[in-house]
Amino acid sequence: MSETTAPVTTAASAPSRTVIAESATPRGRRARIALRGLQIVLALFYGIASALPKLIAHPSAAEGFDELGWGSAGMYTIGALELAGAVALLIPVLQSVAAMALSALMVGAFVVTITAFGGENAATPLILIVPLTLIAWARRSSNADLLRLVRRRA
């Protein structure tokens, strides 16, 4: 009969905070890296492919907003929101809130696409909501950090 020993931790010495996606195991590390990579890809997409054409008033973006009747003010506003969300996806304390805000923006984009453009490219906002929801959920602990930071400043 072999005898093995394992360290015993008491309830007082065990950490009380559960940390999601911060595991020291190789699998947890890979998940953190993949999630961070997804955030970077989405930030690049929103910053370059989505916000930039609106902010430089590229004709492809301007015609859609003109067709909606929102004009350049709507185009610049949406572009600025997308750029702010892209930057916030890369800031650890803002990443979950940014993912939720961009998801809300995509819900609006889906509704506008269905109602004003007859559903052309309506799947794009829905597809983008999936990884944004994953990020918002996986990084939800950053919401508590943000709230703590805001309360400390108030």
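The model is predicted, so local features need pLDDT of at least 70 and side-chain atom pairs pLDDT 80 or more, while totals for chains, interfaces and linings use all residues. Residues are numbered from 1 along each chain as its sequence is written, and side-chain values use heavy atoms, with hydrogens and water left out.

**Fold**
- The chain has six helices and zero strands (DSSP runs, numbered from the N terminus: H or I of at least four residues for helices, E of at least two for strands).
- Of its 154 residues, 29% are buried (under 20% relative accessible area, 1.4 Å probe, protein chains only).

**Helix 4**
- Gly118, which follows helix 4, has a positive phi, near 70°.

**Largest pocket**
- The volume of the largest pocket is about 920 Å³; a pocket is an open set of points on a 1 Å grid over the protein atoms alone, with protein on both sides within 12 Å along at least five of seven lines, and lining residues have an atom within 4 Å of a point.
- Among its 27 lining residues, Lys54, Phe65, Ala109, Thr113 and Phe117 are the closest to the centre.
- Helix 2 gives the most to the lining, with seven residues.

Notes. Buried means under 20% relative accessible area, exposed over 50%, partly exposed in between (1.4 Å probe, protein chains only). On a 1 Å grid over the protein atoms alone, a cavity is a set of points where a 1.4 Å probe fits but cannot get out, and a pocket is an open set with protein on both sides within 12 Å along at least five of seven lines; lining residues have an atom within 4 Å of a point. Grid points are joined across faces, edges and corners, and a volume is the space filled by probe spheres set on the points.
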